[in-house]
Amino acid sequence: MAGKFQGKRVLVTGGGTGIGREVAVAFLQQGARVVICGRRHGPLKEAVQSQQPAFPDFHYVECDISDPADVAELRDKVRQLLGGLDVLVNNAGVSERGNIESTTLKVWDRVMNVNLRGTFLVTQAVLPLLKEAGRGANVLNISSNLGRQAEQHQLVYAASKAGLDMFTRCCALDYAEEGIRFNTISPGVIDTPMQDSNKGELGYQEWRSQMEQLHPLRAIGLPKDVAAAALFLCSADADWLTGVNLPVDGGMCAR
Ligand SMILES: NC(=O)c1ccc[n+]([C@@H]2O[C@H](COP(=O)([O-])OP(=O)(O)OC[C@H]3O[C@@H](n4cnc5c(N)ncnc54)[C@H](OP(=O)(O)O)[C@@H]3O)[C@@H](O)[C@H]2O)c1
């Protein structure tokens, strides 16, 4: 049976691990042809190999999204591999803790350069491909509940994710007439490698129970929770949604 994304061409940044990997596999399972990118060869190769031989149209490109030359090469490879693009998922991101005194300029730039500059560069580079695909092409940005809920020692990460939300909404308006949609998902705490340093400090069980208590539904999120929401927002079922920021956060946004 044909999937919801049969033949659709999808790029997922940061698709070698965590949420991005789960999102990429969810698209594949719905019939899409998918390219993932990231800086490290190992996780990308492993992610693609893990889906062989079931999904031969699953590819990876090594790319630092904060580097314009890498991003231009990424766009060219996407065109070569997929022949165009229908969906971009800007998922790659990095997180650093700190307040204004402890956040060095180097850390500030590192986070902003991936979470905002990288998203800007990739979106700008592939926009001509999305325009060629026409109405229904869309972009999904992965933000965070910290983009709307302030928390101590989350200065640069939260500021970058708040910026990402406004980036999405501005693009949504700029391209609405052409029928290219831009939406955001804001996850709560999701069990991925991004949480490894927190798990390391507390031990996995203690980390998990503290994180469960943070969420009204008393559970942490899993990559599949974000993937399910991503499939919806990128599908024709969401054809009339643009500029939306969908929380996937176990009820945190209700507070
Ligand atoms: N886990 C959570 O609790 C949580 C909550 C809210 C939002 N999020 C957001 O969800 C997204 C995915 O994170 P995750 O939780 O799945 O963590 P993750 O496993 O660490 O994924 C982040 C991905 O981004 C890639 N990446 C980082 N810098 C990059 C760069 N300069 N160029 C290209 N790729 C880059 C990483 O690959 P390389 O290192 O190989 O480049 C990695 O695959 C992020 O935007 C994150 O902010 C996560």
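Biologist: Hi! Looking at α4 and α5, is the crossing right-handed or left-handed?
Modeller: α4 passes α5 in a right-handed crossing. Keep in mind that this is a predicted model.

Biologist: Okay, and at what angle do α4 and α5 pack?
Modeller: The angle between α4 and helix α5, which covers residues 155–175, is about 15 degrees. Their axes are 9 Å apart.

Biologist: Does that count as parallel or antiparallel?
Modeller: Angles under 35 degrees count as roughly parallel, so α4 is roughly parallel to α5.

Biologist: Which residues in α4 and α5 meet?
Modeller: From α4 you have V107, W108, V111, M112, N115, L116, T119 and T123. They meet V156, Y157, S160, K161, G163, L164, F167 and C171 in α5.

Biologist: How do the residues of that α4 and α5 contact divide, nonpolar, polar and charged?
Modeller: There are 10 nonpolar residues, 5 polar ones and 1 charged.

Biologist: New topic, the ligand. How many residues surround the ligand?
Modeller: The ligand is surrounded by 32 residues, and the closest are G14, G18, R39, G93 and M194. By class, that shell holds 14 nonpolar, 15 polar and 3 charged residues.

Biologist: Which elements supply at least two residues of the shell around the ligand?
Modeller: Those are α1 (18–29), β2 (33–38) and α4 (105–133).

Biologist: Which residues make the contact of α1 and α8?
Modeller: On the α1 side, G18, I19, E22, V23 and A26 take part. On the α8 side, the contact is made by P223, K224, V226, A227, A230 and L231. Sorted by class, the contact of α1 with α8 has 8 nonpolar, 1 polar and 2 charged residues. Notice G18 again, which is also listed among the closest residues to the ligand.

Biologist: Zooming out, how many helices and strands does the protein chain have?
Modeller: The protein chain has 8 helices and 7 strands. Its C-alpha trace spans about 45 × 40 × 35 Å along the principal axes.

Terms used. Residues are numbered from 1 along each chain as its sequence is written. This is a predicted model: local features need pLDDT of at least 70, side-chain atom pairs count only at pLDDT 80 or more; totals for chains, interfaces and linings use all residues. A residue is near a molecule or strand if its C-beta atom, placed from the backbone, lies within 6 Å of it. Helices (H or I, at least four residues) and strands (E, at least two) are DSSP runs, numbered from the N terminus. Ala, Val, Leu, Ile, Met, Phe, Trp, Tyr, Cys and Pro count as nonpolar, Asp, Glu, Lys and Arg as charged, and the others, Gly among them, as polar. Axes are lines fitted to C-alpha atoms, for helices over the stretch in contact, and angles run from 0 to 180 degrees between N-to-C directions. Angles under 35 degrees count as roughly parallel, over 145 as roughly antiparallel, 65 to 115 as roughly perpendicular and the rest as oblique. A crossing is left-handed if the near helix is turned anticlockwise from the far one by less than a right angle, and right-handed if clockwise. Two residues are in contact if their C-beta atoms, placed from the backbone, lie within 7 Å.
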